[in-house]
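Student: I am new to this structure. Please take one part of the model and go through it closely.

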Amino acid sequence: MSYNAQEQAVIDTVNYYIAGVESKKDAKENIEKAFYSSTNLHSVGADGTLEFLPRDALVQYVTGDMPETTGEILAVEVINDMALVKVRLILKEFDFFDYLTLLKLDSGWKIVSKTFTIIDK
């Protein structure tokens, strides 16, 4: 597969994630397509410590209390079987910024790590 094809495959995977947060319809299925099953989400907690959330906490949030959201890919870098993608999720009162690490596994590209921060508007 060429570099451009690999980059497109990474974008396609991340687009499953974005579709999952933009619409509750099929959100669980889309997020599970994008993320490896044991992926953790990382952020800095209110007390300044590292917080870990399992992928399924994201599924629960987007299928429950998540307000209307639009997502966009800001940057993509692919090196061999590894990729880094910067994503912005736009909400009314704040934005999420994500750094997603993906690996190309036997099952295809999967998000294996998500580190995020929130910027109030």
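Tutor: Leu-105 lies in strand β5, where strands (E, at least two residues) and helices (H or I, at least four) are DSSP runs numbered from the N terminus. The model is predicted: local features need pLDDT of at least 70, side-chain atom pairs count only at pLDDT 80 or more, and totals for chains, interfaces and linings use all residues. Residues are numbered from 1 along each chain as its sequence is written, and side-chain values use heavy atoms, with hydrogens and water left out.

Leu-102 also lies in strand β5. Leu-102 is buried, with a relative accessible area of 0%, while Leu-105 is partly exposed at 30%; buried means under 20%, exposed over 50% and partly exposed in between, for a 1.4 Å probe and protein chains only.

Leaving aside neighbours within four places in sequence, Leu-102 is in contact (heavy atoms within 4.5 Å) with residues including Val-10, Val-14, Met-82, Val-85 and Ile-111. Val-10 is 92 residues from Leu-102 in sequence, yet their C-alpha atoms are 7.6 Å apart.

Leu-102 is also among the members with the most partners in the largest nonpolar core, which has 27 residues; the others are Tyr-17, Val-87, Leu-89 and Leu-100. Such a core is a set of buried Ala, Val, Leu, Ile, Met, Phe, Trp, Tyr and Cys residues joined through side-chain atoms within 4.5 Å. Strand β5 (94–105) is one of the elements that each supply at least two residues of this core, and α1 gives the most, with 5 residues.
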